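Hi there,

Here is the structure I promised to pass on. Have a look at it first, and then read my notes below.

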Amino acid sequence: MSDVNKNSIVNESCEAFQMNEDEGESSVASVEEQLKKEMTVYEKFIIGMLTNFGNMTLDKIHNTLKMFCAEPSYDKSLQQLQSFLSGLVSDEKLEMRDGLYLLKK
């Protein structure tokens, strides 16, 4: 095989890989956006719990949502909740100190 053919094959492979990588990044972003949309329903519940009960751990928030959210029913994983709460911390709606989530003052 000539060097020209080898280089064109390598370039095509690199371009295909780049396209797949870009698609993967956009699908991850869309999954995160979808989760955020689904979880915004529970944001008011979470704010209410922290207002009424004070500081809470991730497990406590998760279990309370499972217990009291009937419509829509809460079916998210602990990791999904943690990701959503991290977003609320980033948005400066909540704080996290010593493993406890609390309302931002």
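Helices here are DSSP runs of H or I with at least four residues, strands are runs of E with at least two, and both are numbered from the N terminus. Before you go further, note that this is a predicted model, in which local features need pLDDT of at least 70, side-chain atom pairs count only at pLDDT 80 or more, and totals for chains, interfaces and linings use all residues. Residues are numbered from 1 along each chain as its sequence is written, and side-chain values use heavy atoms, with hydrogens and water left out.

Is His-62 buried or exposed? His-62 is buried, at a relative accessible area of 8%. (Buried means under 20% relative accessible area, exposed over 50%, and partly exposed in between, using a 1.4 Å probe and protein chains only.) Leaving aside residues up to four places away in sequence, His-62 touches Tyr-74, Lys-76, Ser-77, Leu-78 and Leu-81. Contact here means heavy atoms within 4.5 Å.

Now for the helix pair. H2 covers residues 58-68 and H3 covers residues 78-90; they pack at an angle of about 110°, and their axes are 10 Å apart. So H2 is roughly perpendicular to H3. (Axes are lines fitted to C-alpha atoms, for helices over the stretch in contact, and angles run from 0 to 180 degrees between N-to-C directions; under 35 degrees counts as roughly parallel, over 145 as roughly antiparallel, 65 to 115 as roughly perpendicular and the rest as oblique.)

Which residues meet there? From H2 come Leu-58, Asp-59, Ile-61, His-62 and Leu-65, and from H3 come Leu-78, Leu-81, Gln-82 and Leu-85. They divide into 6 nonpolar, 2 polar and 1 charged. (Ala, Val, Leu, Ile, Met, Phe, Trp, Tyr, Cys and Pro count as nonpolar, Asp, Glu, Lys and Arg as charged, and the others, Gly among them, as polar.)

Between H2 and H3 there is a loop, and Ser-73 sits in it. Ser-73 counts as partly exposed, at 46% relative accessibility. The C-alpha atom of Ser-73 is 9.8 Å from that of Tyr-42, although the two are 31 residues apart along the chain.

Finally, the whole chain. It has 3 helices and 2 strands, running α-α-α-β-β from the N terminus on. Of its 105 residues, 23% count as buried.

Cheers
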